[in-house]
Amino acid sequence: MKRILIAWVYHGAFGHLVEAIEAANNYKTANPDCSVSVILCKAGSSDLVRYCPWIDTSYQIDCDQNLEPQLRQIPSEWDHVVYPVRLGNRPELWYGANLLEANHRLQRHLRARLGSQYDDGKLISGCALPCAGHARIRMKLPDSSLAWASEFRDSKASPVISVLLNGSAPFSGFPSIRTWRALLCRIAEEFPDASFLLTGLSVKSRFGFRLAQSRNRQIEKLSRDVPRLKYCFDVGLEKQLALIASSDIFLAPHTGFSFLAPSLGTPWLALSGSYWGDCTAGDTPFYFSVPKCECYPCYGNRKSLCKLRDLVHIPVPCVNELLLSRYQDVAAGIRHLMDSGFDLQKSFETYRQLAIRQGVNVRELWRIGDYFSQKESLANASEAR
């Protein structure tokens, strides 16, 4: 059996973990008779690979510790080695000094008997390995956790929407509780059969000038104000994933954790408007409500007002006051995702149309830009023939 290694030593955030497990899944799908292993940056999120049956072995590297003894624990000989494409494209822009040094040492340690390449299929050396783009991903959770989550699902509700209010990034990138209350109440009114599972963590930090304890009281009040909403905070990571897997739609702003939803088979309805453009993983439909903002996605290009709000952790307009003006778009997303015929291709097409209508440059939206670049390249090649 040939052995494939996905050498993905990058930031340990959930979103980047999803990139790694997606790359492993794409190569396993295209090469089902091969064994696939991964190397990850040591982080709490890395343990999630235990829910990925397509990954046979996983290794972790702590870039802040002595690398030599860690590298000795990793076999150096592999048939194929796959690296993140960003490692071949000005990596100093993305990797800190320790992270970059760890990757350079790792590259010297690893030897690919048949060939090495980047995750997009671009060859580095030797012979190329087939890769299946957007292959179907389904993380496998224990039956006990799935059974626990099913008890929260109202069998008469349609759709069941799991909701994540915010992630671990600065609070300015997420809607306020007041905005969430208005949004969820409007959804409950327009979709009277919908129910909500409110999940997340009771954080222990400050939000602007508001103590976390005060904000958590607001969240508990929110769960009483919104019809058919169940409070499912602090249930543990595995059960939180099970709640999302048991839902019909996952509603959340841009967080790394949100990238896990498509890997569980649950469509993500993203309330876009933060630093980065959103993306999806695997063959799972999605709907991203993008803001009408000429700077979006705005990493490195923040407006002065947004920079000021960042400093005091006040939600920026795109994910707060302007979000309510996009309500009809959010409602359209729910209707699309309730339609069994709304597949991945239609998701991409709808995303592109909405982005253009909102004045967003689709080339700046990483995954959708890649998707349409590939389609245009294939179309041009066909015309040339």
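This is a predicted model: local features need pLDDT of at least 70, side-chain atom pairs count only at pLDDT 80 or more; totals for chains, interfaces and linings use all residues.
**Entry on phi**

I looked up the backbone of D234 and found a positive phi of about 55 degrees, although D234 is not a glycine. I placed D234 in the loop between strand 9 and helix 7 (237-245), where helices (H or I, at least four residues) and strands (E, at least two) are DSSP runs, numbered from the N terminus. I then turned to R228, which is not a glycine either and has a positive phi of about 60 degrees. R228 lies in the loop between helix 6 (212-225) and strand 9 (229-233), and I wrote it down as partly exposed because its relative accessibility is 37%. I kept these angles in my notes because most residues other than glycine have a negative phi, and most peptide bonds are trans.

**Entry on cis peptide bonds**

I checked the peptide bond from S158 to P159 and found it cis, with omega near -5 degrees; P159 belongs to the loop between helix 4 (143-150) and strand 7. I found another cis peptide bond from Y296 to P297, with omega near -10 degrees, and P297 sits in the loop between strand 12 (286-289) and helix 9 (304-312).

**Entry on strand 7**

I next followed strand 7 (residues 160-164), where 5 of the 5 residues are buried, so the strand is largely enclosed by the rest of the structure. I saw that V160, S162 and L164 point one way from strand 7, that I161 and V163 point the other way, and that all of them are buried.

I then asked which strands pair with strand 7, where pairing needs at least two bridges found by DSSP between two strands. Strand 7 is joined by 5 bridges to strand 8 (residues 195-200), and these strands run parallel. Strand 7 is also joined by 3 bridges to strand 10 (residues 249-253), again running parallel. I looked up I161 in particular: its bridge partner in strand 8 is F196, and its bridge partner in strand 10 is I249.

Methods:
Residues are numbered from 1 along each chain as its sequence is written. Side-chain values use heavy atoms; hydrogens and water are left out. Buried means under 20% relative accessible area, exposed over 50%, partly exposed in between (1.4 Å probe, protein chains only).
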